[in-house]
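Trainee: I am new to this structure. Could you walk me through how to read it?

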Amino acid sequence: MDKKKEIETNEGRIGDSMAKKNKTAVRIKMVVFMFSITFVFVVMLSFVHLYTKSRIKRNEKLFLKRSVLYTANVPIPKSDEELDNYFKENVIETVATNSVPQYKLKNSTIVVHTIDGAGLWGVIRAHVGFDTQTSNLTGIDFIKQSETPGLGARIAEEWFLEQFRGKKGPFTYVPEGENDSDNQFDAITGATVTTKAIKYIVNKATEINNAK
Amino acid sequence: MNKKIKKITLSNLISENPVFVQILGICSTLAVTNVLKNTVVMSIGLVFVTALSNLTISMLRKWIPTRIRMMVTVLIIASYVILVDMILKAYLPEVSRQLGPYVGLIITNCIIMGRAEAFALNNKPLLSFVDGISSGIGYSYVLLIIAFFRELMGSGTIWGIDVIGSWWVNWSIMVMAPGGFFMLAIFIWIVKGVIIKDPEELKKI
């Protein structure tokens with residue numbers, strides 16, 4: 001009886017250690033597989049990243065340059081090279097006190113400030129242009145915003161941006177389509193938080209501009 | 001083979017449609033359908049990612065250990081989503097800016113994971129590829145129909161162009177999430193209640 005039991009347990013032990021060995025092998029295989037497939041995909045993505053990096057950077061720079069000229073109410077050169085040249089010759093980029101870029105146009109009184117405000121879903125970053133002689137707005141453009149599409153995101157539409165040209169702050173907002181004086185702008189129906197953020201941005205910009 | 005492809009395609013488009021039969025991918029259905037343009041790009045991205053991830057997973061299916069298959073599928077799907085994001089940023093910066101966070105959200109779409117799990121892990125690469133494309137299209141056309149009505153009623157426009165005129169008062173609720181719920185529910189109701197009345201009929205297609 002005892003002997004049989006002993007054999008059984010021995011067998012069990014042997015079986016256990018076999019299973020353990022197998023288990024370890026399977027586990028190692030899984031780790032190796034996961035490691036190698038991750039490696040392959042990461043290498044692939046890195047190559048694509050290296051290949052597209054300069055293009056992505058350039059696209060972002062061109063976008064910023066276009067936005068600055070749009071805000072300054074200056075005609076935007078059509079081709080990318082012309083835009084680069086124009087920018088090189090006519091625009092001075094400096095860093096403002098709040099460590100955001102500020103642009104100054106040569107031979108004119110126009111300055112473009114970069115202002116951040118808190119939108120509904122995230123930061124709204126805007127370019128706000130001023131004619132320093134009259135402190136009138138030359139224009140506004142949003143370079144970063146993640147507002148609700150169809151509601152708050154309508155701030156990026158042309159009618160909204162264009163309404164600020166030539167006006168003078170500090171601003172208040174009125175219901176859509178009702179602005180009729182120099183210090184009012186059309187709010188966006190259904191996007192009160194966004195509208196408030198825009199009010200903050202334009203008024204902050206006015207403040208910064210007047211302080212100088 | 002051809003018969004199989006036809007069967008898979010039809011079932012993905014109608015009888016097993018990921019959106020109105022399986023009710024998958026609802027988050028993105030609600031999020032992107034308020035403007036038609038976003039919907040189109042989201043759809044293209046989804047078709048691309050589903051097809052390619054299905055193909056890759058199917059090619060690797062014999063080597064993927066069963067216990068870590070989820071990790072592997074997520075890794076593959078994520079890689080393709082990042083790839084789409086980088087290509088859009090480099091070659092179509094305008095579209096990429098408009099879509100913003102939506103490209104990254106493709107990864108959270110349950111349809112991709114579902115197809116990988118239910119189909120690509122057990123089928124040959126070509127079939128899986130076809131399955132990926134057809135379920136992507138099955139998702140896309142439903143979204144496009146919903147987006148068409150939501151943009152029309154919510155903003156009075158189609159593809160950003162004013163079509164209704166100034167007499168129309170925009171329904172703000174249509175561009176917000178509740179509008180998406182209403183439209184999706186109405187769509188499912190019409191499809192299941194009026195067009196396809198008998199569930200048995202679906203299986204015959």
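**Reading the features one by one**

Mentor: Start with one residue. At 32% relative accessibility, A:Asp116 counts as partly exposed. Keep in mind that this is a predicted model.

Trainee: Which residue forms a salt bridge with A:Asp116?

Mentor: The general idea comes before the case. Side chains of opposite charge can pair when their charged atoms come close. Here the partner of A:Asp116 is A:Arg125, with the closest N and O atoms 2.8 Å apart. A:Arg125 is partly exposed, at a relative accessible area of 26%.

Trainee: How many salt bridges are there over all chains?

Mentor: A search of the whole structure gives 10. One of them links the side chains of A:Arg154 and A:Glu157, at 3.9 Å from N to O. A:Arg154 is buried, with 17% relative accessible area. A:Glu157 is partly exposed, at 36%. Another salt bridge pairs A:Glu162 with A:Arg165, and their closest N and O atoms are 3.0 Å apart. A:Glu162 is partly exposed, at 31% relative accessibility. Salt bridges can also share partners: A:Arg58, A:Lys65 and A:Asp84 are joined this way into one network.

Trainee: A:Arg125 came up already. Which residues are in contact with A:Thr114, leaving aside neighbours within four places in sequence?

Mentor: A:Arg125 is one of them. A:Thr114 sits in strand 3 of chain A, residues 110-118. Its relative accessible area is 5%, so A:Thr114 is buried. A polar atom of the A:Thr114 side chain lies 2.6 Å from the backbone oxygen of A:Pro101.

Trainee: Now a helix residue. Where does A:Tyr86 lie?

Mentor: A:Tyr86 is in helix 2 of chain A, residues 80-90. At 26% relative accessibility, A:Tyr86 is partly exposed. Not counting residues up to four places away in sequence, A:Tyr86 touches A:Leu69, A:Val74, A:Pro77 and A:Val91. A:Tyr86 and A:Lys65 are 21 residues apart in sequence, and their C-alpha atoms are 9.8 Å apart.

Trainee: On to the two chains. How many residues does each give to the contact?

Mentor: Chain B gives 27 residues and chain A gives 19. There is another way to describe an interface. Its size is often given as the accessible area lost when the parts come together. Chain B and chain A bury about 2,300 Å² between them, and 78% of that is on carbon and sulfur atoms.

Trainee: What about salt bridges and polar contacts between chain B and chain A?

Mentor: The salt bridge count between chain B and chain A is zero. Three residue pairs are in polar contact, both residues at pLDDT 80 or more.

Trainee: Which elements of chain B give two or more residues to the side that touches chain A?

Mentor: They are helix 3 (36-60), helix 4 (69-91), helix 5 (93-99) and helix 9 (172-175) of chain B. Helix 4 of chain B supplies the largest share, 11 residues. By type, this side of chain B divides into 19 nonpolar, five polar and three charged residues.

Methods:
Residues numbered from 1 in each chain as written. Chains lettered and ligands numbered in written order. Predicted model: local features only at pLDDT ≥ 70, side-chain atom pairs only at ≥ 80, totals over all residues. Heavy atoms only, no water. Contact = heavy atoms within 4.5 Å. Buried area = accessible area lost by both parts, 1.4 Å probe. Salt bridge = Lys/Arg side-chain N within 4 Å of Asp/Glu carboxyl O. Polar contact = N/O pair within 3.5 Å; in protein donor to acceptor, adjacent residues only side chain to side chain. Helix = DSSP H or I, 4+ residues; strand = E, 2+ residues; numbered from the N terminus. Nonpolar A, V, L, I, M, F, W, Y, C, P; charged D, E, K, R; others polar. Buried < 20%, exposed > 50% of the residue type's maximum accessible area, 1.4 Å probe, protein only.
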